Amino acid sequence: MKLVRGRVWKYGDDVNTDVIFPGKYTYTVTDPVEMASHAMEDLDPEFAKSVQPGDVVVAGRNFGCGSSREQAAFCLKYAGVGAVVAKSFSRIYFRNAINAGLPVIQAPEAVEAIEAGETVEIDLERGELRCKAGRFSFPRLPEAVLGIFAAGGLIPYTRQRLGLAPREGEGTGTSGESSR
Amino acid sequence: MGKTFVEKVLGRKAGRAVTAGEIVEVVPDYAMSHDNTAAIAKTFASIGVARLYDPNLHVVILDHASPPPNEKFAENHREVREFVKKHGIQNFYDVQRGVCHQVMVEEGFALPGLLIVGSDSHSTTYGAVGAFGTGIGRSEMAVIMATGRIWLRVPETMRVVFRGTPPPGVSAKDIMLYAIGRIGVEGANYMAVEFAGEAVEQMSVSSRMVLANMAAEMGAKTGYVEPDEITLEYVRPRARREFEVVKSDPDATYVRVHELDVSALEPLVACPHAVDNVKPVSEVAGTRIHQVFFGSCTNARLEDFEVVARILKGRRVHPEVRMLVFPASQQVYLDALRAGYLEILAEAGAVILNANCGPCMGSHQGIPANGEVSLSTSNRNFRGRQGNREAEIYLCSPATAAASAIRGVISDPREFL
């Protein structure tokens, strides 16, 4: 798994799926580029305009609460977000992010220490986050779901299990295209 | 050591004894999807499996923007219809039938002891009749189409006991808002929540659906009310298959037990922009409202219409308020029509719309304007939820919605009893 390095977009507690990806788009917007253009629209209109590949979203408790819409995970992935670091995640968001192959990291102490706009580095393999304030370790995913994440998401993982040949980009964590 | 309801249901599905924290791979009894079925179908196609694992596993209900407000939604619906036809999904309900969770319960899919997943966060609703219902993502639904299987973590269980009998004018919605205000929007994250106590024992299935539905607003994986005679009387004539009631053992392990006394509870509202921002109606009474949304999978069943009709009978909706009414299903629509409730509401100046989700998630039929206040019987008041981030949403009971519609400001329904 790769190293994530990027600028921090920092937000508070209970960032819900409606502000990450508004419900009015959930049945009509399916193109990855267009989805990315609406990411965080009702929370931070600046985000979609200036997010760079590898940037890291850092948030408080209960990130992704609310709807089951997985576009809230995919739109961040399509926007280039390298990882989401939060004090905690809502259960459906956590599932959807794993299934989308978007790294989700629960690290409450790191969240406290990280400042908006700074550049952080995350070693997913070693479970380590490096920021201005220092180094923080975070727990790896449960063994039973690591395979999904390693395959780049649930769809490539399922294809692997069914013995189907991988598609272009699969297994590298950039498989979202097939899952829109 | 005894087992909880969820440990038993998931253990039976997994074919072994399981405890909270384990991860199981299971085949659900039903898998519900709605307007998002078109997107799921595309993901299913990308997997590369030609046929559905089992077409009878799936229930597809068009409700989120029904009938479609524009060509994009219309194309979406067309794709869903083509998909269910192509793959032989018999359990398909088109735009006339109603809100998916209501239909699942009314049509006898949701039954005690069953495991039901839905690509919608309020799939927790099925716990009102003792099923394990939980929300999943679209990709997961696509994989169920291909393989029948899904991984689930066996959740820990929280018990919420509502003591006492609520006073007149206080409903299941007030009781649930009270619980969410106390427990918080993350208070039951990853957990199953069992609702119990005298107040729940006295509730109809419709009222229990309010609790199970809004369990999602505490972060819960599922909500559950232990089936009793009230449950069985409701489900027996509708059941589509045999079922077995599953209950937690008396010595089951609970991670937390909340005891909440509802005997002196007041009507409550959830204020913008969080469901746990709960205040007594008395504290926000007088707040100007522009729209009343009486609908959704939370609160638009016949008993809700009865309460609203009783308050509105012989009165008028305030001239500066739009009251939008969406029965939870076509069945509720017909029942409310025959009981005369719709006539009372229409005479009072309410707009009666068809059974679907309406403006709940901002698709159509009543998006509030900038700076407006929408008072809603639904379950979420996040910023932008009803399609406009410059609007404010308050959540309340049907009674509070009706009383406030008359006055044009948030009002205590007990003044109309």
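I looked up strand β3 (residues 83-86) of chain A and found that 3 bridges join β3 to β4(A), the two running parallel. Here strands are DSSP runs of type E, at least two residues, numbered from the N terminus, and two strands pair if DSSP finds at least two bridges between them. In this pair, A:A86 stands opposite A:Q106.

I recorded that the model is predicted, with pLDDT of at least 70 needed for local features and 80 or more for side-chain atom pairs, whereas totals for chains, interfaces and linings use all residues. Residues are numbered from 1 along each chain as its sequence is written, chains are lettered from A, and side-chain values use heavy atoms, without hydrogens and water.

I then followed the whole sheet of chain A, which is open and mixed, with 7 strands in the order β4-β3-β2-β1-β5-β6-β7. Strands β4 (104-106) and β7 (134-137) of chain A each have a single partner strand, so one side of each lacks a neighbour in the sheet.

Next I turned to the contact (heavy atoms within 4.5 Å). It takes 47 residues from chain A and 45 residues from chain B. The buried area, meaning accessible area (1.4 Å probe) lost on putting the two parts together and summed over both, is about 3900 Å², and carbon and sulfur atoms give 53% of that area. B:R138, B:W151 and B:E186 supply 17% of what chain B buries against chain A.

Finally I counted 5 salt bridges between the chains, each a side-chain nitrogen of Lys or Arg within 4 Å of a carboxyl oxygen of Asp or Glu. One of them joins A:D42 and B:R389 (3.6 Å, N to O).

Definitions and conventions. Helices (H or I, at least four residues) and strands (E, at least two) are DSSP runs, numbered from the N terminus.
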